[in-house]
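Please consult the sequence and structure shown here alongside the text.

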Amino acid sequence: MKDAYTRKWPPYAFHLLGLMMLIMGWEMLARTFSGLVVAGPGETLTALFRLVGNETFLTLHMVPTLKRIGLALVFGIGSGTVLGILAGFVEPVRLMLAPARWILMSIPGVIIVVVFMLWFGMGTTMVVCITATMMAPIIYVNVTDGMMNVDRNLLEMAKVYRLPLHMRLMRIYAMALAGPLLSGVVIATGNGIRLVVLAEMLGANEGIGHALAISRANLQTDELYALTLLAMLVIGGVEVLLLSPARKAVQRRRA
């Protein structure tokens, strides 16, 4: 039954159907509850366009958040990848990093935010350090698993034929790591952007998270929902503009 439907309709039709159902449910909730509790889709979109068209908002809140997200992605993905490769090559390194990995993946994000606020104070350094620290273990685990699952037969063959090191890295290790690394980046990016907003909400004087805190304090519910929608659009934009092309490039390389 499922195959028959998916043959008739393209996948995006089901995505649109699901989105329409969510919007209808949202509108019903907005009509049921007070506007102070739930802002309707129309009010939210109006507030969103108002925010996006406000140059002060873009300069004071949007740009700092995007800059922090970019820095956190660079440091989080970079450190997780380097440590994952080291752990894949050197087992003692993997064993030594195991407790730190477990602690970082177990501790609630809000506790990390509070501790890092004490260490770094408020502002960009704190937000970037928190986000990169929480993203790195996700990337690390995926890269380590990828390294440990590299095809040993290929490595033996490369050794027999004395394949140069750079060809082994590019042809064997890079292709084996690309899939797990991208999967980790997709998960870490979504979590990282959410953490940036949370950290800004608790310990920054600018950014989307700080704007969210102000809207909540002033009971500007439409703006609160609009900022939430904006954060979701940022996550979707990063995935569509950066991660999807990278995933397709890896698939083409493997084909």
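Glu223 is buried, with a relative accessible area of 18%, where buried means under 20%, exposed over 50% and partly exposed in between (1.4 Å probe, protein chains only). The model is predicted: local features need pLDDT of at least 70 and side-chain atom pairs pLDDT 80 or more, whereas totals for chains, interfaces and linings use all residues. Residues are numbered from 1 along each chain as its sequence is written, and side-chain values use heavy atoms, leaving out hydrogens and water.

**Salt bridges**

- The structure holds six salt bridges, each defined as a side-chain nitrogen of Lys or Arg within 4 Å of a carboxyl oxygen of Asp or Glu.
- Glu223 pairs with Arg50, their closest N and O atoms being 3.9 Å apart.
- Arg50 lies in helix H3 and Glu223 in helix H11, so this pair ties together parts that are 173 residues apart in sequence; helices (H or I, at least four residues) are DSSP runs numbered from the N terminus.
- Arg50 is partly exposed, at 44% relative accessibility.
- A network of salt bridges links Arg50, Asp222 and Glu223.
- Glu206 and Arg68 meet through their side chains in a salt bridge of 2.1 Å, N to O.
- Glu206 is in the loop between H9 and H10 and Arg68 in helix H4, so that distant parts of the chain, 138 residues apart, are linked.
- Arg68 is buried at 0% relative accessibility, whereas Glu206 is partly exposed at 22%.
- Within helix H2 (residues 11–32), Arg31 and Glu27 lie four residues apart, about one turn of the helix, and form a salt bridge with closest N and O atoms 3.0 Å apart.
- Arg31 is exposed at 68% relative accessibility, and Glu27 is partly exposed at 27%.

- Beyond its neighbours within four places in sequence, Leu227 is in contact (heavy atoms within 4.5 Å) with Leu51, Phe57, Ile208, Ala211, Leu212 and Ser215.

**Helix packing**

- The axes of H4 and H7 come within 6 Å and cross at roughly 35°; axes are lines fitted to C-alpha atoms over the stretch in contact, with angles from 0 to 180 degrees between N-to-C directions.

Notes:
Helices (H or I, at least four residues) and strands (E, at least two) are DSSP runs, numbered from the N terminus.
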